[in-house]
Protein chains: 2
Amino acid sequence: MKPVKVGICGLGTVGGGTFNVLKRNAEEITRRAGRTIEVVQVAARSNNPLCDTGDVPVTDDVFAVADNPDVDVVVELIGGYTVARELVLRAIENGKHVITANKALIAVYGNEIFAKAQEKGVMVGFEAAVAGGVPIIKAIREGLAANRINWLAGIINGTGNFILTEMREKGRTFEDVLKEAQERGYAEADPTFDVEGIDAAHKLTILASLAFGIPLQFEKAYTEGITQLTTEDVNYAEALGYRIKHLGVARKTEQGIELRVHPTLVPVEQLLANVNGVMNAVMVNGDAVGSTLYYGAGAGMEPTASAVVADIIDVARTLETEPGERVPALAFQANALSDYPVLPIEQCESAYYLRIKAQDHPGVLAQVATILSERGINIVSIMQKEAEEHDGLIPIILLTHRVVEARMIEAIAALEAVDSVINPVVRIRVEQLD
Amino acid sequence: MKPVKVGICGLGTVGGGTFNVLKRNAEEITRRAGRTIEVVQVAARSNNPLCDTGDVPVTDDVFAVADNPDVDVVVELIGGYTVARELVLRAIENGKHVITANKALIAVYGNEIFAKAQEKGVMVGFEAAVAGGVPIIKAIREGLAANRINWLAGIINGTGNFILTEMREKGRTFEDVLKEAQERGYAEADPTFDVEGIDAAHKLTILASLAFGIPLQFEKAYTEGITQLTTEDVNYAEALGYRIKHLGVARKTEQGIELRVHPTLVPVEQLLANVNGVMNAVMVNGDAVGSTLYYGAGAGMEPTASAVVADIIDVARTLETEPGERVPALAFQANALSDYPVLPIEQCESAYYLRIKAQDHPGVLAQVATILSERGINIVSIMQKEAEEHDGLIPIILLTHRVVEARMIEAIAALEAVDSVINPVVRIRVEQLD
């Protein structure tokens, strides 16, 4: 069969990795794909010392690749929204298949991109956009296609997980670990996307679309970062049998779809609680299969390239297939997406961990319990610690049953209005994942 | 698009589950597959009270389904080798696609079946044959297609894992837990396939073919069961920071491919060590992606049906695709399989846990250390316990570095020849999984 001709745009970490994996494993890949995969052009602004492009023509104009009549597949690895969007749309317009690792692009402009691809009958692969080399997109889109997905929950930002792991294992502060992560190159100079949960929300948006058959709605995702987490809460969580993880959670309820990224207490015996360092993992619960989990490196040169190349092989295997016979980009047929609503956070439901600091007056505990019970919030466990030496305040730590967020917001306002309670009350969501 | 017409042969646990999932999730499945999936015939010897077949015609002759001109896809869920093999070959001969959950059939007769399917241009799906609802076959075949797979290791028999979990958590004996597993229906009346590792070896054979592009060679798999394991060893392992799991391990070395099922010490911090009860998990290490893990229910009515139905959807999506454009059954193109040899166990390499019971004579420890060092076997750690009250014997427990099995066999023979050593010496393999 004739080879598939690939143009790679961007020769940074992932682009260099993709080039190298295609070259190193060429023989093995051909044995699988049934045809050779040939890189015929690369667009890069500068050399990547980890990647020797040899005889392959290199241009500094990404659009030259999108317009190159020899190219069957354009691999977009330049990142960002603006040029990447133009590049991808132009490549599709020119009838080329597109592979991208760009979660921001897919989460924000995916609907437009997939509509265009549908019109032109080309494939858009984005396995590398979520959880690096872990084939989580294929798992949801194809492997679990028999299921109604009930929920999914994932550790989908390696930087955040590295920070939380260090905080727990070594008792370090958030700021201290973040600084190290930046020095080691795990975190960007501007770490906002990682530590504020925006990157995780991009990925969660994509997973939720695949799982529930809804359009991409990044703007409706609720996002809460890990910058406010203290080692105090990490330690209390541990004492209660939980670990704090920064999770993306998507859940289908009778009212709509919950789409939320936030720190979460997870029972220590859950596999997700034991995913440490920069590793990623996603748990997916389906009505037939029950809970399944997918784990691996969520970033890095070759793990991400592994996913990019898997997508290229999918294109290679089905190059001459009728568009209607291919697996739809968002798992559901384009004309079968649902308008099931994404819920605002106030309508989402979870259990809660609360930490209240109060002056050591008699009756505080009773006041706290009353405020919660008046709002129908059931307490699972509560502990009041001795007054702390440095400020004489008593910490009250409690876990609640599941409750709608709006009611918890109300309860917290009432708690914070109690005279002897020091503001703010700390609240972290709890998920049992069962 | 026209519906896909399915005939289900066998209406036991998996057959009933498949029927129910197809019916319950029909709308969702059509939205994904792009066409409806219609069960047009069922072959069953008796009713399944958990499954109402309604208006669907039921026959007691499975071959009637294979010969039914209305059927596009034959789903073989009768189990066993003999009739199942005939049924599958006849269905393929008649130009029908085949889906099966039958690991024994695929492991033993897969080469014949895939050759026939290749000749006839039909698909054979067997996702349900390994790890129930976990899409591990798709992950290796497609998700990790960019990688040279280095090794994989899995807990792929739920019954065995349930027994080991109970032994560790509750200090129960093998016999005691097996009896409970049989009463609960986890284990068959004849538990040989589960506890002797034959079932796991069937599944490992399949995974190794997909990973390394070799024909199925079940007869070359080394198989060691869990019947000899004692709580004593489970506890010593725990004290050393390990858990004993019944693993299937396939590893590519410079000499060939290791294909072995045996009890294995796994470091307690590894996710695989924390997969408990009847759950399954497979770790796959590729040269680009590093280590990835896939976890979920390895058996049961609907988890297994989840995989069967996913395969049916794959067929539905590519029903009119040219055979050459489909994903090859064994991940590699049929004409690109390799004759890389499967190694006999004597040439396999692993680290070892040894437990030696000896009379409390001076110099025993030195003798043990000398015997190992003379054979180039390095000791990682060694502990000699106090003499046990009931027999006055001293247990010596040690962990070695990796060594070729042949050399360990020799060393154990030498150890057992020492006068003060009580036979047999217990040896369990150790895998770090990194």
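Let me start with the interface: the contact, meaning heavy atoms within 4.5 Å, takes 65 residues from chain A and 66 residues from chain B. Before going on, the conventions. This is a predicted model, in which local features need pLDDT of at least 70 and side-chain atom pairs count only at pLDDT 80 or more, while totals for chains, interfaces and linings use all residues. Residues are numbered from 1 along each chain as its sequence is written, chains are lettered from A and ligands numbered from 1 in the order in which they are written, and side-chain values use heavy atoms, with hydrogens and water left out.

Now the area. Chain A and chain B bury about 5,200 Å² between them, and carbon and sulfur atoms give 50% of that. Buried area here is the accessible area (1.4 Å probe) that two parts lose on being put together, summed over both. On the side of chain A, Arg31(A), Arg32(A) and Glu325(A) supply 16% of the area buried against chain B, more than any other three residues.

One salt bridge pairs Arg24(A) with Asp287(B), with the closest N and O atoms 3.0 Å apart.

Which elements of chain A give two or more residues to the side that touches chain B? They are α1 (13-24), α2 (26-33), α6 (136-143), α10 (198-212), β11 (279-286), β12 (290-297) and α12 (301-317). Helices (H or I, at least four residues) and strands (E, at least two) are DSSP runs, numbered from the N terminus. The largest share of that side, eight residues, comes from α12(A). By class, the side of chain A that touches chain B has 33 nonpolar, 17 polar and 15 charged residues. Ala, Val, Leu, Ile, Met, Phe, Trp, Tyr, Cys and Pro count as nonpolar, Asp, Glu, Lys and Arg as charged, and the others, Gly among them, as polar.

β12(A) and β12 of chain B (residues 290-297) run antiparallel and are joined by three bridges; two strands pair if DSSP finds at least two bridges between them. Within this pairing, Tyr295(A) has Leu293(B) as its bridge partner.

On symmetry: a rotation of 180° with 0.0 Å of shift along its axis superposes chain A on chain B, at RMSD 0.0 Å. That is the relation of a two-fold axis. The superposition is by least squares on the C-alpha atoms of residues with pLDDT of at least 70 in both copies. Tyr294(A) comes closest to the rotation axis of the residues of chain A, at 2.4 Å (C-alpha). Both copies use the same surface, and 100% of the contact residues of chain A recur in chain B.

Last, the backbone. A cis peptide bond joins Asn423(A) and Pro424(A), with omega about -10°, and Pro424(A) lies in strand β17 (residues 421-430) of chain A. In chain B, the bond between Asn423(B) and Pro424(B) is cis, with omega about -5°.

Methods:
A salt bridge is a side-chain nitrogen of Lys or Arg within 4 Å of a carboxyl oxygen of Asp or Glu.
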